[in-house]
Amino acid sequence: MLLLALMTGCSGQTTVDDTDDVPVDTAVTTDAPSVEDVLAALPACVPGATDGRLDLGAGCAGDVCVGMYAADVQAALGEGTCAGTDGYPGFVSCYWESGVTITFADADLDGVLNADARNTGMYVYAPFSGGTAQGLASGASMSCFVDELGAPDRVEFASGPNGYQPASLYWTDWGFGAFDEYTVDNYGQDGVSDYLYVAGAPDWQP
């Protein structure tokens, strides 16, 4: 699968390194569609849950919000499964069967979760089924996020049998990303979000 990481507004000739999957100046040049073309070709929105359990501005998924201490996250979700991140000292990742993953800073570098570490961002996915009032949720169509939030600041394309499709969309002002990275029949995206990244809007005012 060939990945292209582009900023919104880029179009025309795109230079891609087929080995590293990142744009470079001295690699093979391929014709790529514009970001606008790829987003416009997305299937119509099929929203997810509208229960309001996902709050993008505040950065909350159910009872867990960005800024909470690890001890409070564990009180809400249980202990989860936590381990130091291989090859990246200084972090501990915790997984919960409810569909939440959070990577905490590990200040003492011991690979053990510190109760006073803060949640600065989290991934949510099934079985977490909560969504915004507008139906933005894990499992919602990728087009739903574009319809509601506007053009993303960053798009990662995947080149598959159906042409270029967005594998990830990210909005800086919302601290939010939607990902369609699990392949269909081992190759290609299906236009439906597999998981979300929620970090809260930097300038959010309740």
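Two strands are taken to pair if DSSP finds at least two bridges between them. In this predicted model, strand E8 (residues 91-96) and strand E9 (residues 100-105) pair in the antiparallel sense, and 6 bridges connect them. Within this pairing, Trp 96 stands opposite Val 100 in E9. The hairpin formed by E8 and E9 has 3 residues between the strands, and in this hairpin Gly 99 takes a positive phi near 100°. Strand E9 also pairs in the antiparallel sense with strand E10 (residues 122-125), over 3 bridges, and the bridge partner of Val 100 in E10 is Val 124. Val 100 of E9 is therefore placed opposite Trp 96 and is also bridged to Val 124, given that strands of a sheet pair through backbone hydrogen bonds.

Strand E4 is joined to strand E5 (residues 60-61) by 2 bridges, the two running antiparallel, and Leu 54 stands opposite Ala 61 in E5.

A disulfide is a covalent bond between the sulfur atoms of two cysteines. The count of disulfides in the model comes to 3, and when the bonded cysteines of the protein are numbered in sequence order, the pairing is 1-6, 2-3, 4-5. Cys 45 lies in the loop between helix H1 (35-40) and E4, whereas Cys 144 lies in helix H3 (residues 142-149), so the pair ties together parts that are 99 residues apart in sequence. The torsion about the S-S bond of Cys 45 and Cys 144 is about 100°, which means that the disulfide is right-handed. Cys 45 counts as partly exposed at 30% relative accessibility, while Cys 144, with a relative accessible area of 3%, is buried.

Cys 60 is joined to Cys 65 by a disulfide with an S to S distance of 2.0 Å, and both of these cysteines are buried. The torsion about their S-S bond is about 105°, so this disulfide is right-handed.

Cys 82 and Cys 94 likewise form a disulfide, their sulfur atoms being 2.0 Å apart. This pair links Cys 82 in strand E7 (residues 81-84) with Cys 94 in strand E8, 12 residues apart. Cys 82 is partly exposed, with a relative accessible area of 31%, whereas Cys 94 is buried at 0%.

Technical notes
Residues numbered from 1 in each chain as written. Predicted model: local features only at pLDDT ≥ 70, side-chain atom pairs only at ≥ 80, totals over all residues. Heavy atoms only, no water. Helix = DSSP H or I, 4+ residues; strand = E, 2+ residues; numbered from the N terminus. Disulfide = S-S within 2.5 Å. Buried < 20%, exposed > 50% of the residue type's maximum accessible area, 1.4 Å probe, protein only.
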